[in-house]
Amino acid sequence: MAQRIDRTPVREQDPAVRAHNFEEVCYGFSVEEARREASRCLHCKNPRCVTACPVSIDIPGFIAEVNNGDFKAAAAVIAKDSSLPAVCGRVCPQETQCEGSCVLGVKGESVAIGKLERFVADYNRENPSEESAKADIPSNGKKVAVVGSGPAGLACAGDLAKKGYDVTIFEALHRPGGVLEYGIPEFRLPKDKVVKYEIDQIRKLGVKIETDVIIGRTLTIDSLFDKEGFQAVFIGSGAGLPRFMNIPGENLNGVFSANEFLTRNNLMKAFRTGAPTPIRAGAKAVVVGGGNVAMDAARTALRLGADTTIVYRRTEVELPARREEVHHAKEEGIKFEMLTNPVEILGDENGWVRGIRCIKMELGEPDASGRRSPIPIPGSEFDIETETVIMALGTSPNPLIVRTTEGLETNRRGCLVATEEGATTREGVFAGGDAVSGAATVILAMGAGRKGAVAIDNYLSSK
Amino acid sequence: MFKILSKTMLTPNICAMDVKAPRVAAAAKPGQFLIVRTGEDGERIPLTISDYDNEKGSVTIVTQGIGASTSAILDLEVGDCFQDVAGPLGNPSDFMAMSKEELAGERYVFLAGGVGTAPVYPQAKWLHENGIPVDVIIGARNKDLLIYADKMKEVCDNLYLCTDDGSFGFHGLVTAQLEAVCAERGYTHMVAIGPMIMMKFATLTAKKLGLKATVSLNTLMVDGTGMCGACRVSIGGKMKFACVDGPEFNGYEVDFDEAMRRQRQYLPQEKEALERYKSQKAK
């Protein structure tokens, strides 16, 4: 057995410095650090990390190549199952997936699989090889349309292109990437360096991406079949509709959905001086919610100069955000008001936010989700002074496609009804990602996209 | 990239452009809007669709130079391209979903304010072509700001022109003109498109006259597809998104004061951006 060595720490930008910029927080491993960390892998006979990975990457396989110093071979191993390694190495919740299942984690610390994946992707991007021009994939002449260029759509399109399908992705916004572009901030996921590069790699497989096409408006699902000649459609349109709380004051000036705040900042680059799209964080900001989106919104508001507080109705243990994000947010100086729930947003005489009235909560019996449900403590209301309120309460699927497509069923939450394989209630129409599951993670959407690709391949092969 | 096929200055600060966007042109219906961007970092600007030609594959947009981004649109010339044209967005006008029977007996009057006159055109045209009586009242501050008068004449039964300063046509607001002719013309339904304040008073006048009232809300927007909620408005006390639930709403249910306040959220930044744009242009 290899000698036990401690998990290799990863270098990060100083919290006091990064609280004022949008540069990436984490620097990633150097070659030496990566090889050292890779040497920790035990190469289990039945690697539980692979089972825990939604796209089943051969994790011990790529780590072995890193250990050997053959980073190109490592990339090739990952590429068999993932087309977005630099993205996933940065934003996957490894602690509950691959790393959460790592045997080393039982008694000590798991292998830093995410950071190794990121290293492999970054190394190969920064050191491109001559022969990286993709071998020509023979076309099978079958056309597939993919709706949405987020993680689900990209994964589905990439896999189908590798099988020879003629794939076109339709994206509603002006830049492809979905949540990778509009949702996740630059300091966690650099746009031009990482997202654009990995999408370009998918383009090199022959995938076409048409931006500015809103399926349900510009074209319909039916017209994709009837007029545009597609033989199958994959819907990966995500969950883009923001939720609000239905409390008084939500339409005051200075109240944003996290989607709006992050879209202005990330997609429209409002953080840059002189950007045509404005943003306003104010001197003080309150973010409502406890997920990754809440952390992203809070850390963005902080970087724009606001003294920022996160308000969450349960305790820190129940925060749905990744530990790493909570830890980073705290390091940067974000304040947390736990067991606290807003009841009203307070406005001044001109209709601008001046504060938020909250009530203290306590945890009662576990609810359907197994988490103890928060109950308000009567008479415990208190006010927090703030100029900005950002609602990060989750999102629902956009109803645009369903409303304009006959025979496409949804459930009570507005999510598309689909089989485990991704088949919807309409023949030839498949779906996956947040549009089916409701808001989840990048990697789960990618997993669903890959399944959709398999289902579409089976469907069109049997026709 | 979306090429500009023609450009006509309607006033020194308002221009009409035909833009090549075949898919948008094929799908567009009266009442809908689109979003354009100029340049790689451009703001997403919602503009109403004032006409569409499926054969030429073009849409007509009318822009008034107000802030930096709309001024940048006015500076584009024939042959230049928009970085992006996305649409059509929003729901088509309510009457598009009504049956012939439902429409029979309706007499529409459109109140068009300033640049809001442009989106009235395809709506009046559709009604006119379908044999529904339709009148249009166009209002502007002065004679030089009146647009679309000749075009509109072709697609309505009666056209009334008003100016605030009396430099042309009826001396007064569109609401006063409406009151003056409503009884005689026997209107049943008022549709107002223009500045928020004008739509507020148009609705109040419609109420006084016992007309149904429809307004088309030009709120702030980012994506225009229901994603951001910047466009949210209170309709009958409920939160709605102008981009996906509208842009048309029953005027009686709109909280106009809130809508006007929300429109002003970025006023200081917009002023700054305009100054920056002007000084860059001067260089």
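Helices (H or I, at least four residues) and strands (E, at least two) are taken as DSSP runs and numbered from the N terminus. The model is predicted, with local features requiring pLDDT of at least 70 and side-chain atom pairs counting only at pLDDT 80 or more, whereas totals for chains, interfaces and linings use all residues. Residues are numbered from 1 along each chain as its sequence is written, chains are lettered from A in the order in which they are written, and side-chain values use heavy atoms, with hydrogens and water left out.

**Helix α12(A)**

- α12(A) is followed by Gly206(A), whose phi is positive, near 105°.
- The 14 residues of α12(A), residues 191-204, should span 20 Å at 1.5 Å a residue, and the 18 Å between the end C-alpha atoms agrees with this; the expected span is 1.5 Å times one less than the number of residues.
- At Tyr197(A) the helix α12(A) bends by about 25°, the bend being the angle between axes fitted to the seven residues ending at a residue and the seven starting there.
- Among the buried residues of α12(A) are Val194(A), Val195(A), Glu198(A), Ile199(A) and Ile202(A), where buried means under 20% relative accessible area (1.4 Å probe, protein chains only).
- The buried residues of α12(A) pack against α6 (85-91), α9 (113-126), α10 (151-162), α11 (179-182) and β3 (208-210) of chain A, with contact meaning heavy atoms within 4.5 Å.

**Helix α10(A)**

- Because 11 of the 12 residues of α10(A) are buried, this helix is largely enclosed by the rest of the structure.
- Its buried residues pack against elements of chain A including β1 (143-147), β2 (166-170), α12 and α19 (442-461).
- α10(A) is followed by Gly164(A), whose phi is positive, near 100°.

**Interface of chain A and chain B**

- In this interface, 44 residues of chain A are in contact with 43 residues of chain B.
- The area buried between the two chains is about 3,500 Å², of which carbon and sulfur atoms give 51%; buried area is the accessible area (1.4 Å probe) that two parts lose on being put together, summed over both.
- The rule finds three salt bridges across the interface, a salt bridge being a side-chain nitrogen of Lys or Arg within 4 Å of a carboxyl oxygen of Asp or Glu.
- The side chains of Glu228(A) and Arg23(B) meet in a salt bridge (3.0 Å, N to O).
- The elements giving two or more residues to the side of chain A that touches chain B are β5 (241-242), β6 (255-257) and α14 (258-267) of chain A, and the largest share, four residues, comes from α14(A).

Note on methods
Buried < 20%, exposed > 50% of the residue type's maximum accessible area, 1.4 Å probe, protein only.
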